[in-house]
Amino acid sequence: MKKVKITPHPRTEELISNALKAGLMPLFYNVIVHITAKGRKYTAEVNAPKGYPENPVTDEELEAKFRHNATFSALRGDKVEGAIEMLYGLEKVEDITELTR
């Protein structure tokens, strides 16, 4: 049994048509996500993925993602925190090569 199933939203054609009529180009098509875990079924409708203007990423979420991804890099400990600080103050960085040190 598949644990995750993603199906097009039942109103996909209508939603795309409405967006096009409004002069918008839909970049994301609504989906319904079905997840089965430990014998229980969960269903969620996704209208805007995380990071879209309708569903923005918070600073905390962005920092957590950066820290997680940094675990797969050469950055360690205080270097990760220093990189986050530097990126938030990027306009104040005199020499961009500081980001690679």
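**Helix packing and sheet**

Tutor: In this predicted model, the axes of helix 2 (residues 59–70) and helix 3 (residues 78–88) come within 10 Å and cross at roughly 135°.

Student: How many nonpolar, polar and charged residues are in the contact of helix 2 with helix 3?

Tutor: Helix 2 contributes Asp59, Glu63, Phe66, Arg67 and Ala70. Helix 3 contributes Val80, Glu81, Ala83, Ile84, Leu87 and Tyr88. By class, the contact has 7 nonpolar, no polar and 4 charged residues.

Student: Met86 is found in helix 3. Is Met86 buried, partly exposed or exposed?

Tutor: Met86 touches Val93, Glu98 and Leu99, leaving aside residues up to four places away in sequence. Its C-alpha atom is separated by 14 Å from that of Arg67, 19 residues apart along the chain. The relative accessible area of Met86 is 22%. Buried requires under 20%, so Met86 is partly exposed.

Student: Turning to the sheet, which strands stand at its edges?

Tutor: The sheet is open, has 3 strands in the order 1-2-3, and is paired in the antiparallel sense. An edge strand has a single partner strand, so one side of it is left without a neighbour in the sheet; this applies to strand 1 and strand 3.

Student: By how many degrees are neighbouring strands of this sheet turned against each other on average?

Tutor: The value is an average over neighbouring strands, with direction ignored. For this sheet the turn is 20°.

Student: How many bridges join strand 2 to strand 3?

Tutor: Strand 1 (residues 4–8) and strand 2 (residues 31–37) pair over 5 bridges, in the antiparallel sense; Thr7 has Ile32 of strand 2 as its bridge partner. On the strand 3 side, Ala37 is bridged to Arg40 and Thr36 stands opposite Lys41. Strand 2 and strand 3 (residues 40–46) also run antiparallel, and the number of bridges joining them is 7.

Student: Which residue in the hairpin of strand 2 and strand 3 takes a positive phi, and near what value?

Tutor: Most residues other than glycine have a negative phi, and most peptide bonds are trans. The hairpin has 2 residues between the strands. The residue with a positive phi there is Lys38, near 55°.

Student: Is Lys38 buried or exposed?

Tutor: Lys38 is found in the loop between strand 2 and strand 3. Its relative accessible area is 87%. Exposed means over 50%, so Lys38 is exposed.

Key:
Residues numbered from 1 in each chain as written. Predicted model: local features only at pLDDT ≥ 70, side-chain atom pairs only at ≥ 80, totals over all residues. Heavy atoms only, no water. Pairing = 2+ DSSP bridges. Helix = DSSP H or I, 4+ residues; strand = E, 2+ residues; numbered from the N terminus. Buried < 20%, exposed > 50% of the residue type's maximum accessible area, 1.4 Å probe, protein only. Axes fitted to C-alpha atoms, helices over the stretch in contact; angles between N-to-C directions. Contact = heavy atoms within 4.5 Å. Nonpolar A, V, L, I, M, F, W, Y, C, P; charged D, E, K, R; others polar.
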